[in-house]
Amino acid sequence: MEPIKVSLESLNLATLFPMLIAVGGGLTILIIDLIKESLHKSLYVMIAILFLALDLGAVIGLDINTRGFFDVMFVDGIAYLSQIIVVVASMLFIPLALTSKRFHEFSLPEFFALFLFMVAGFQFMVASDNLILIFVGLETASLALYTLIALHNREKSFEAAIKYFTMGALAAGFFAFGSALLYGLTGSVEIYKIAEVLADRSYEPMWVVLLAAAFMIAALGFKLSMVPFHTWTPDVYEGASAALAGYMSVVPKIAGFVVAMRLFEFLIHSDVTWVRDILYLAVVVTMTFANIVALVQKDVKRMLAYSSISHAGFVMAAIMIGTTQANSGLFLYWILFLFTNLGAFTMLWISRHKSQIWHDRFDHPYEKFSGLVQIMPMAATIMAIFMLSLAGVPPFSLFWGKLYIMGAAVNSGYIVLAIIMAINSAISAYYYLKLIVYMFMREPISDKQVVYFKNASLSLKTIVGISATFTILSVLFISPLLNYITEVVRVSGF
Amino acid sequence: MVEAVAFYLFAALTIAMFAITVMSKNVLYSMSSLAAGMIFISAFFFLLDADFLGVVQIIVYSGAVMALYAFGMMFFDATKDVKEKNPSKKIVFFLSGMIALLLVIILLSPIISEKVKALYPMSEEVGNAEAVGVVLFTKYLVPFEVAAIMLLVAMIAGIILASKRMDESITLKIDQEIEKEQKGEL
Amino acid sequence: MEKYLLIALFSPLVGSLFAALFGAKPKRLLTGIVTSALLFVSLISSLILLVHIASSDDIVRVKLFDWITVGSLNIPFGFVADQVSVIMMVTVTTVSALVHVYSIGYMEHDKGFNRFFSYLSAFVFSMMVLVMSDNFAGLFIGWEGVGLCSWLLIGFWYHKKDETRDINPSISPSWAANEAFIMNRIADLGMLLGLFLIYWHVGSLQYDVVFAHVDLLNIGLVTLIGIFLFIGAMGKSAQFPLHTWLADAMEGPTPVSALIHAATMVTAGVYLVVRAFPIYSQIPDIGFFIASLGAFVAVFAASMALVNTDLKRIIAYSTLSQLGYMFVAGGLGAYWIALFHLMTHAFFKALLFLGAGNVMHAMNDELNIFKMGGLHKVMKYTAILMIIASLALAGIYPFAGFFSKDKILEVAFDSQHYILWFMLWLGAGMTAFYSFRLIMLVFFGEERYKKYGFHPHEAHWYMLLAMAPLAILAIIAGFFEESFEHFVTKILPEYHFHVHGIVTVALIGVTTLIALSGIAFAIYKYSKGGFSEKWKEHPIYKLLYNQYYIPIIYEKVFTEPYKELSKIAWKELDLRVVDATVDFIANVVYKSGFAGRVVQSGNLSKMLRWMVIGLLVLIVLVIVYSPVR
Amino acid sequence: MITLTHYLVLAAILFSIALVGILRRKNLLMLFFATEIALNAVNIAFSAISKYYGDLTGQLFAFFIVAIAASEVAVGLGLLIIWYKRRGTIDLDSLQSMNG
Amino acid sequence: MDHILSLLVFFPALAGMLGFIVKKENIKVYGITVATIEFVLSLILWLVFDPSNGGFQFVEFIPLIPNYGINYYLGVDGISLFIIILSTFITLVGLISLNIEKNLKNMIISLLFLEMTMVGVFVALDAVVFYIFWELSLVPMLYIIGYWGGELRVYAAIKFFLYTFFGSLIMLVGMLFLAYLYYLATGTISFAIPDWHRLILPYDYQIWLFLAFFLGMAIKVPMFPFHTWLPYAHGQAPTIGSVILAAVLLKMGTYGFVRFLLPIFPDASVALIAPIAFLSIVMVIYTAMVAYAQEDMKQVIAYSSISHMGVIVLGTFAMNVEGIAGSIFLMISHGIVSGALFMLVGNIYDRRHTKLLSEFGGLASVMPKYATIFGIVLMASVGLPLTIGFVGEFLSLMGIYKISAAYAFLGGTGIILGAAYMLRVYKLAFFGPLTNEKNKNLPDLNWKELTSLVSLVAVIIWLGVNPNPVLKPINASVESMLQLMEKKAITKEAKDIFAHNKVELEAK
């Protein structure tokens, strides 16, 4: 056996820095905890933000389309973009810990450590095209996430975590089996290599290729909450705290999308139409089913859970379409969705109570928001804007995403798909409107302002302000954003 | 020939063990057969020249995992027969059976590509463990480290979830009470 | 001269607006005086114009400004006083000025005094627009304007409630007003289509342009235009089958009936036909149809007048019948004769109505002529005036009706439409009969009113004074026949008679004979107490008395089914089908949400099962749906 | 001769057995056993393929899967313990407070 | 003057935002002031507008998402000018007559935002900007109906929102596809309406795109059979909501027809004249019948709106200057008239809290001013000459007559049926004896109501007598649009229609 020469340059450690920073942050927090106990959560939040900021800096400093560490690390445009999204989203969500009420998880420093590990996990997941690293990264993030959910420390959050965990374990099985099949077909676990080999053998034996794809769709379908692998989503969102639910609706999914893009894009562009058709079906079913079930929800958070399933389905269509426009649309959409959903969930988080005064099961039933406009007009208006944005009412942010993805669908000849998307948007408008109806058209049940403001704090309000600003004024920076995204996505060949 | 005999033997054994694992009403039986199944699987690894993996399998599974489960089992006091309501056996077996059938049908087609050249070939000269080690600490160093973090995460998770700090939920308590308690402590 | 034209046109408007200022206020005599004075101003201006035109043959045109200019369409507010329109102007202003004066007395105790004058003057303005316009669109403005005023005035006593047809055949003023408006609208649609047709083939709605162009048009097209315009005329002039509104319109105050529903507005249809003679002279077939319809209506309406007991309705049917005569003349190409009869008829019919108004006033608005009788003792002047009017109506020499109506019969005979002539001849007899039946029952015979406790009295002097000029005109207008012919045939085509001398004389004789016999029969019969009660059971009597059951038929065939259909359209179709479909779709979507929740049972086993099912489906699809290459 | 197909079929069968367990187990602890079986089934497949390609990557993948399985056990047990502390049961049907 | 359009669009929105600061008690004065300024601004726009120029004026162009062809692109031509003025006018009048106490501040702020969206729709020259305002207009309206409405207000509001939202999303797909086709044809993507106007599309694309756009707009109009949201919306909306909905929001649909359907898809428009005329005629006749059967005063007017919109659509699809200009004029006149009618119904509702016809009767004697104004407006509604209602109806029907006499005839029955249901309402409400005790002491209109109504009546008469100042700019723009369509037409059918759709003198 020959000795292996490794030059530091060829390792291109820079590709690893962002994750190392996040991991380092997590470890730092653990160490600080060891040194001095019972520090206030604001310290940890700030440390986390600082490390995430460093992480973000490291990500931004990356060169696009470089590989590192024996080609395991792979920073192409989508990895770059999605890392930015992941880190920025994390930075925006972690201040939600600074509530004026106390919640269990934030009293534990481990929460913040796990959070940073999770961020690193997601970063690993997107910054590689090696199935092993993707898998390991995914599991790291997922295991941390299960724990974070449970740390909220009430029965519903445990239930949520167990459900999520169990289903996640099954999905991990799917992923592993799918990977095994791909490995069997190609002798490789690197996606670019897999693509090469499969193309080389012209996708024979077809059944096995498709079987591998089927397993992968099932595994990623779980992560992206595609119907029928979505069943965990509403329960987990309901059980988790609103802050974490909002986080879950954004970050794990973008990671999932990136992996899905890497895995399916070459299949879609090959003449194996199966994957495209199945995704088409999945997209339509996911959007429609989630929308329909969301119609009858009684709880806003649960409704938003279904809504995020539906949005994920919508965005999945971009992967199915597979053009550069569609793929850049995906990122655009998700950035816009990030801010809108951040805002919406933060509003829920602000209005969170410790006791269930509105409903014996739900934290945020629709009734809670009755007549909000008369008590807190500003809050109601902002919440309404988030809802309208989610419904795709222009000029609020998500409209542009929908416009762009539907445009991509049309441009690739998927007119019917675009129409289905349109119809789904119309259906979805109903449940968003329902909240607006409660807020604006009902009389308030309680007229005490304090009842609504219970959990608000400056940082939460700031986050709401940021997301509201972004949601309303998105039209102003869509253009540069889109140009940048398109450029980045194009250079990475998607 | 030996290989074939071994394969069929162990195949039968693992299938049997795992069948017991999923079918038995007794946790103890179930777990024991799981442990046995794991060990039989390591036999396959040895058969397949993956000695290192086989060892790891035995150590990790029969050692660590089973120990954890055993602790768990004791904690849950689940030594007696568990009563499970399984209202829809037919569906379960239909689903699993169909998947098994279809998988088998599909997997009967030749998978291996002749053209593929091994990226990290096994060689006769180097022992399996060494070869694995080399690859693991070069190419797969990053995943390895990530796996380490994952285990750290799992450890923290396990500790914190099972710890006493979770016993009393701050989430469910009214804030004033918490403050009172803190003041009382102070 | 343009000045006079504008004065003639706008002084009624000024009067109307002036009166409108006091619309909701209690009675002010001033409004009546001002509006009347302004109408006299208008009358004088019209007369000046008449003299001017007669003396100089100068046609006065005024263009105010463009109304609608779109594409190649250009409709100005253009007015013209030529021989035809100036005749109409004079007729209209004369009658209306007198009616205004009369109304001051007639409406003296009415709460809506000011409002009444406002409406009445507005009507005159619309009528002036109608006759003076130099284009079809302007005519249509006036056309609709008079319709509006007619609606307002018929429904003037809007506060009366709806009755059944047995009690009041017109149901109520507001009902009658709406009926009139809607029926006219039906005809207006025809007219609008006519205008469209003209525009798209001529490119203009100006009379002169259109008439200059008519020769170039395809005959079929001209026929169509003629038909459409005549449909419009049928509505306004209440020709069968759109005639029912006119009798019901008698719900309005009597001066209104005199002015609008006898003298002026209802003759607008005739005016249209006369105005559009270059079109109608191109299409004699349609002319013949118009004449036939006219003749039919002449007899048809007269027959209803024979048995009616309602003072005003009798006169209304008479108007209808006379309009029929005018259409015969117009249809047969004798345009100037139609116009002439229009003018004379305006005078004596207005007179007749005003007389009827006096009677009603005297009788506290009682209308049943069988409750009257012997009124000549208390209302001598009224009686004389009404007899004059009736004689004129019956066509007795030397009254105006004789000249104009006989001419129409002559035309019918001359153009060899003997059947038409016969019908008109019969109509003349019936006219004479019902006119004097009315006179006899109202003014002579037993004083039945005493039984009902009425205390009749003669009308104010100024009311009678206002009627006097009409009476004079009813007597003498006929003698202007030749100068009239000379005057208007500068525009209108002359009518050349083929029969001369003895035949003409014979015709006159025969007509006069039947008129006289009609009068004689009426006098004879009703001086002896009239027909027996048995008549009232006779089917023919019932048929005539119920207006041939036409209003009831309309109600059963059109109004009620329309109401029913509307209800069905709303309750069954709109709510149960169209809207329900939308709601159904929405509900299906919403309900399927509940169905979809089944997936979300919350049981982990089932959730896992869904995942496995998903996987199975995918695998099955791998096998079933693997692409063939 | 034992071919790759044999191993793969075995893996498939084991995987299906795992599915049976996952679907029918109501005891969460025993359900987790079944997920372990699934991962082990995949491991067989990986090492078999690895052998037939003569490539080590498969073994490494299997190695990582073992690691993942172990971590999952830790987290899963942690969750179960806390659930058991609260509810005194690890029966799956006790997890039904959220639905719809 | 270069940015007068932006000013027009965003001034009310800005004012609306500042309105949050104004004290509750003074908010109405504030609202009226803002609306007056906005109205004056729109009048200034008219003043500086060049009526002989048929193209777009005061064009503003700022790239928004240039790579995807989306720009902030505003402009006004004769077609949109008066609808803009209508919007500002109606808002002002509506604000003056506003008679709501509950949460007045929110109402006025919503109205100001609504005004922004209304003006925005009509000045937008970029399809996406158009779409933004189009959709955004739903939101304040949703609130107005849903909060200040009647018993079923929430149902009505949601139905209104979802129905129109659904339609416009389909339209959005059409827009996207059209932009793509533009890209295929020219190599750059564009959502600019003037760019689309220049695009010549293959016939089958035209048909499909036409249908997509048509659906979105037809729901807004609302065309039969998509009209059922309207009676609910009107029935439940507060007066001001109905006024603006009927006067302006419905016009967005027909404006869309003129702005998008005709010039972009001339061949499809021609090919689909027959079915659309059929729908319009059904609309005219059927809804007139439904209106006749109503028991609620406001519902009559709601259905009558639909019926009149049918005539507008007929005029639009006449494909000649007369018809299209007439239909645009009819949009304005219907805006004013239906606005006035809804206001009138609102006045009586304020007094009696019922709109049921059976509750009224003989009102003319207690409320003569009210009856008079109602009468005038009613006459305008049935299209009496010299009122605003006649001009547009006359021209629209005249225009469609050129296409087919039968369409004109059937569409024209609207003037009969319209008279029937309106006169029925008038008779039931105002005529007959005053029987209901509750009506005996009703106060007549107060000065506030009179101001708003009289100003509407003044416009009704003024534009009825002298419509030319309005018609002239419309005419110029419609003519240039028709020239464009004629140039673009590709099918023989369309070419024929455009070549012969004018007055042709016949020689024997």
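## Getting to know the loops and helices

E:Pro222 sits in the loop between helix 9 (203–220) and helix 10 (229–236) of chain E; helices (H or I, at least four residues) and strands (E, at least two) are DSSP runs numbered from the N terminus. This is a predicted model, where local features need pLDDT of at least 70 and side-chain atom pairs pLDDT 80 or more, while totals for chains, interfaces and linings use all residues. Residues are numbered from 1 along each chain as written, and chains are lettered from A and ligands numbered from 1 in written order.

**Exercise 1.** Describe the peptide bond that joins E:Val221 and E:Pro222.

*Solution.* Step one: read omega, which is about -5°. Step two: name the bond, which is cis. Step three: look for another case in chain A, where the bond from A:Pro394 to A:Pro395 is cis, with omega near 0°. A:Pro395 belongs to the loop between helix 16 (377–391) and helix 17 (397–411) of chain A.

**Exercise 2.** Is C:Gln547 buried or exposed?

*Solution.* Begin with its place: C:Gln547 is in the loop between helix 22 (539–545) and helix 23 (550–596) of chain C. Its phi is positive, about 55°, although C:Gln547 is not a glycine. Now count neighbours: C:Gln547 has 22 C-beta neighbours inside 10 Å and so counts as buried (20 or more other C-beta atoms within 10 Å; 12 or fewer is exposed, in between partly exposed). With 16 other C-beta atoms within 10 Å, A:Asp71 is partly exposed.

**Exercise 3.** Work out how helix 16 (residues 380–394) and helix 18 (residues 418–443) of chain C pack.

*Solution.* First take the geometry: the angle is about 170° and the axes are 9 Å apart (axes are fitted to C-alpha atoms over the stretch in contact; angles run from 0 to 180 degrees between N-to-C directions). Therefore helix 16 of chain C is roughly antiparallel to helix 18 of chain C (an angle over 145 degrees). Next, find the residues: those of helix 16 include C:Ala383 and C:Met386, and those of helix 18 include C:Thr431 and C:Phe443.

**Exercise 4.** How many residues does each of chains D and B bring to their contact?

*Solution.* Chain D brings 59 residues and chain B 72 (contact means C-beta atoms, placed from the backbone, within 7 Å). On the chain D side, helix 3 of chain D gives the most, with 20 residues. Turning to chain B itself, you will find seven helices and zero strands.

Technical notes
Angles under 35 degrees count as roughly parallel, over 145 as roughly antiparallel, 65 to 115 as roughly perpendicular and the rest as oblique. Two residues are in contact if their C-beta atoms, placed from the backbone, lie within 7 Å.
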